[in-house]
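Subject: Structure handover and notes

Dear colleague,

Please find the structure below, followed by my notes on what was found in it.

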Amino acid sequence: MLRYFAQRFIFMIITLLFVSVVIFIVIELPPGDYAERYAYRKLASAGQDVTEQDMINVRHEFGLDKPAPVRYFNWITDIILHGDFGESFLFNVPVRNMIGDRIWLTMALASTAILLTYALAIPIGIFSALYRHSFGDYLATFIGYIGLSLPNFMLALVLLYFSVTVLGSSAGGLFSEEFAEAAWSWPRVVDLLEHLWVPAVVLGTANTAFHLQTMRATMLDELNQLYVDAARARGIPEWKVIFKYPVRIALNPIVSYLGFDLGKLVAGAPVVALVLSLPDAGQLLLQALLQQDMFLGGAILLMISTMIVIGVFISDLMLAALDPRIRLGET
Amino acid sequence: MDIGTEQIDWDTLLEVQDLKVSFKTDEGIILAVNGISFSVQRGQTLGIVGESGSGKSVSTKAIMQLLPRTAVVDKNSSITWHRENGETVEITQLKKGGREMRRIRGGEIGMIFQEPMSSFSPVHTIGNQIIEAVLAHRQVSKQEAREIAIDMLDKVGISNPSVRVDQYSFELSGGMRQRAMIAVTLSMNPSLLIADEPTTSLDVTIQAQILELMNQLREEFNMAVIFITHNLGVIAQVADEVAVMYLGQILERGTAKEIINQPQHPYTQSLLKAIPRLDHLGKRLTAIGGDIPSPLERPGGCPFHTRCEQAISGVCDTQIPTLTPISNTHTVHCFLYE
Amino acid sequence: MSDILLEIKNLKVHFPIRSKQFFGGSTTYVKAVDGVSFYIEKGETLGLVGESGSGKTTVGRSILRAIEPTEGQVTFNVDGQTVDLSQLQGKELRAFRKHMQLIFQDPYSSLNPRMTVRDIIAEPLVAIKLAKGKEVDERVRETAALCKLNLEYLRRFPHAFSGGQRQRIGIARALISRPQFIICYESVSALDVSIQAEVLNLLMDLQAELGLTYLFIAHDLSVVAHISKRVAVMYLGQFVELAPTKQLFSAPKHPYTEALMSAIPEVNPDVEMVPVHLKGEIPSPVNPPSGCRFHTRCPYVEDVCRTEMPEWREIAEGHFAACHFVDSLQLKGTVTADSIGVVN
Amino acid sequence: MTATTIPKGKRTAATLPPDEEKLKYFTARQWQLVWWRFRRNRLGLLGAGILIIYIFVLIFAEFLAPYGGTTLDSEYVLGPPQVARFWDENGFSLRPFVYSVTTERDPVTLAMIPTIDNSKRRYLQFFVRTKEYKYWNGNLIASDLHFFGVDEGTIHLFGTDSLGRDILSRTMYATRTSLTLGVVGVLIAFVIGLVMGGMAGYLGGQVDFFIQRLIELIRSVPDIPLFMGLAAALPKEWPPEKVYLMITLILGFLGWTTLARRIRGKLLSLRKEDYVIAAQLAGGSNARIIARHMLPAFTSYIIVDIVVYFPYMILAETALSFVGLGLRPPVISWGVLLQGAQNIQAIELAPWLFIPVIFVVFAVLGFTFLGDGLRDAADPYN
């Protein structure tokens, strides 16, 4: 077990390194470098001409005249040691200040979506498998198909339309007006929860459909296993047979998917943020990317990726806790 | 059935009358078991021998009501279970997962399967599954149930039972797993044990140990056993009485000695001539011609007539032979004896 | 002594097991076959028995070089020449395959479902270009007839057939290149009892007709005894005993052979099975026991068994065994000498 | 083992009663068997049907679309869909017609307001010769034949957008862009997957170990956010074709690990198949074994994987373009079309701007149904 833990931990560190390198490359990819923009913004806005010498000065100041590996090293050590992600060229403030709560809002959104996914997919999947070929099963399968094929921004727009026309209030945003700029307080949390469900539904639908299908398929496999009949032959009540054995085992793949779930949800966040005008990291990321504010975009990508990688690590550990075959190194 | 009138000193535990089971499939209806009757006496072992598609497993699953949903048990079939206290239960009338059926499953009739590996849940310890079984049928505390579990593991010859009880099935070897499965079943103290090819997936030396263990436990617990196998050697070693099945029907029944030493039905006879036997080495085997018919193309009349060298045309292919007694304990379904 | 077709000397097959770690980790070896030597005479059937994990499968496959042996020599005497199989590579090896074939265990998975019976049977001919055009068809028909296959079946696909018929197709494929040596690996154990006899008879008829040599590997001792002239017993990667069938079954010289045979349930309700009790479990082939590999379970174990590996030696003509106490132990066979007829 | 039901692999033709039927089954090739099984799957057939329509649109977009993708109709700006009808209060007509539209400038806002004139019918005509187009952007065929049009004025069955462009025509051109992008993307993913998975599965050993670790690493990197980053890093001043190419590449890279894993797994299991070993023991060369025994066995699985992979491609392109990180106008794709409908006002004012989304949904459904149907039929021997 300890060995497994160590193995997964080392793998997580390697992955994080890999991710940070890729993000660094993404940051440096757009033509022109930070210095140019910085110089133009600072000097040109002050009405001065930008000279070659200015550029060189700025480059030197930011260490941009050093080779790429050194630049990467400086970038990453600044982040790790000082939490310094650089400066947003779009907003002219340190990236750190820009992100603030937003990343936590995104995480809250993703967690709600995941909880929603589990709450729907697991019981419906079990039901579908137990009552295979029933009307309910077909209905679940149908909804699953639709859920997988509807682009989530479309779903967001439909829900928005619905809430405006039927409920008479906009489902957009994450807070009511009075809480939008307020400090954190209990009523603000409640307000957030009230707003969270719409984006959570939008984000979670495709994933719910996916897990529903997985759950149904694994349940069908597991129900045919001999140990289910063996438990029945011991005179165990049917509900207990189902929930103690096949359901329990069918949960394993769902748990092992936790990290990937996070990834999928976070990936969908910018799109949904755009439609529902959510003040979260997804929206900021999109803005940054659209304006090629790469330091800001890169910082958000790095944070999000780190959380996903940690999510993968946690789901690996949870899976080991759930499945003795992995814990004891059988497979 | 007049069989068993001479054996009145044994009380009958289970009586199966005219059991018919069919399956609905995409290709049509498969008649897996076609009207079989047998009974099991306390303390006796009934061996059911048959090749693939003979319906031997299906019939025992019907007793436990473990058939899949696609299976249909004929209305006229009857499976009667006699409790120790003299009560009689008609199993076919019971609700599948109902309280009465659950009392019988495990508590009165235990079952072990061919694949000991897949008979255990891979994510629960062996002990967990034994304790669950004990608690379902006996009024004991959890702690007591655990002690029973350890005791049972010890009884079936698993060394270091207090450690093994907390292990998972994949941590045990094949033979040990089958021992553990026997321990689970016996911990509920059933009066009938159904063993469905329990040694087929095991090596010979392990098979011998398991057979020995089962014999010994049967005596100790005074259990009846239904032992399903395709291996005539195993049948000869474990069974008191033998039923030979082919394509869903019992063709011949008798004591193990009768069936092996004086087989009457042409199928039993050819089966015995077709297997290599250490005491008959060097003799050329006599093969049974043809193939086992597909379950979807079950022949009419006697099911064996398509491969039987002594088949009487116009009789065997049209009529189903009735039961003909050969001795008090020996019966056969064959026109040669009618 | 008749001609020797095949000689195996000190065959070893060790499989590396790499741990699934991200970083290397140490490599350990499964010693599946660990120093096995024997020969097979032309036209005979040598039976090879052993329980799961004994290495019998690996012996068969490494002789055919389906698995590369780690060490050892396999020599073939064919057409008056002696060929060291381990020296053959690439094209030479492929061309040599016409002399040796395998009949598989599972009649379902061993036939390519996407090929017609004709193409399946013809495969060895076509693969090493032994025949072309019409000649292929001719030889397929000839071989199919030899295996009592209906010629109309040739254009069908395997999904049209039952287990017994499929096994005949597999046999025809093995025979088409007219090999001298065939390994039958559990070739009848997947078949129903009533079908098994037919295939066993066919194998024996073909042997008589074509002068084939078989290595018959199986776990069912009765079947092996029935078809083999001599039988070898394997335990944990090594041979423990090899003797003419009659001798082995009536007067075994190795305690493991005795235990193995005592465990066969005989088809005779009058003879009660009295199996020899073996202690514990079969040890792991990764770390086999020191000395005699059977010592951890042997009922007759002495101190010397734990430290010294017994020598594999011929104790009577054609009777080999590896036990320190070959001469002193009085072991019981399952049958009396005179109840065994002559098979081959 | 006693079988309670017949395992499918052992299924004989007993189910086809007459002998000829049996013989037909006995001598049926793999694709024949696959087809027999597939055609019993209604959803699968439906999926195939939907996709055939799409392919038709993809190939004949110029002919089917009444107007060009960028043709402006200043007479009918942000106009609602016109309904083709056969009758109204003025009676029945065998030939479908729409009403004609007149446009007037609002004196206050100066916007052009279309009004529908119920009294004037504009009859639909088929195979009309109107505007000339050069086929498939090239100079292969030039023609002015269109599938339909009206005798006078214009027809916009799906309405028009804020510039007065015909949404039906644009949807048809978008179908071409989005589907070809999907095809190329899937092909890229497939080729990389095949090479990497093939090497890992066939060579095994160190190569396999290395590729597997690489895949594991890449898979644990959250892909879509990173690809968004990559897409964002594309220079704004690039021409549309170059952006198209890069987006395709990026999307292609998105999926190769999944395909590589599947191919590796299939190859590994095939390598252990008895019949492949039999072919080796028969003396077959590596090339022969791969071509004759392994490829035919896994083609059907790979086809399924590819079909199933399309929806991810399509949805990814749509989402990327929708937020403005993917394809950009003047390229017409489903995602680009939907850009015009990013907010609630659009839904309220001009819901017909969302018609293209129906095409996205049906394309995804089509691929999913076909994929599921093929998956069930792909292995007729199990």
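The side chains of A:Arg216 and A:Asp137 come together in a salt bridge, with 2.9 Å from N to O, where a salt bridge is a side-chain nitrogen of Lys or Arg within 4 Å of a carboxyl oxygen of Asp or Glu. This is a predicted model, in which local features need pLDDT of at least 70 and side-chain atom pairs count only at pLDDT 80 or more, while totals for chains, interfaces and linings use all residues. Residues are numbered from 1 along each chain as its sequence is written, chains are lettered from A and ligands numbered from 1 in the order in which they are written, and side-chain values use heavy atoms, with hydrogens and water left out.

Helices (H or I, at least four residues) and strands (E, at least two) are DSSP runs, numbered from the N terminus. A:Asp137 counts as buried because its relative accessibility is 1%; buried means under 20% relative accessible area, exposed over 50%, and partly exposed in between, with a 1.4 Å probe and protein chains only.

Over all chains, the count comes to 36 salt bridges. Side chains of opposite charge can pair when their charged atoms come close. Another pair is A:Glu238 with A:Arg232, whose closest N and O atoms are 2.9 Å apart; here A:Glu238 is partly exposed at 32% relative accessibility, whereas A:Arg232 is buried at 17%. In chain C, the side chains of C:Arg118 and C:Asp137 meet at 2.8 Å, N to O. C:Arg118 lies in helix H3 (residues 117-127) of chain C and C:Asp137 in helix H4 (residues 133-146) of chain C, so this pair ties together parts that are 19 residues apart in sequence. In chain B, a network of salt bridges links B:Arg83, B:Glu87, B:Glu100, B:Arg103 and B:Glu108.

Next comes the interface of chain C and chain B. The two chains bury about 3800 Å² between them, 57% of it on carbon and sulfur atoms, where buried area is the accessible area (1.4 Å probe) that two parts lose on being put together, summed over both. On the side of chain C, the residues that lose the most area to chain B are C:Val193, C:Val267 and C:Pro269, which together make up 18% of what that side buries. The contact, meaning heavy atoms within 4.5 Å, takes 44 residues from chain C and 44 residues from chain B. Two salt bridges are counted between these chains, and B:Lys257 and C:Asp270 meet in a salt bridge at 3.4 Å, N to O.

B:Ile235 is found in helix H8 (residues 232-238) of chain B and counts as buried because its relative accessibility is 0%. Leaving aside neighbours within four places in sequence, B:Ser187 is in contact with residues including B:Ile130, B:Arg138 and B:Met152.

With best wishes
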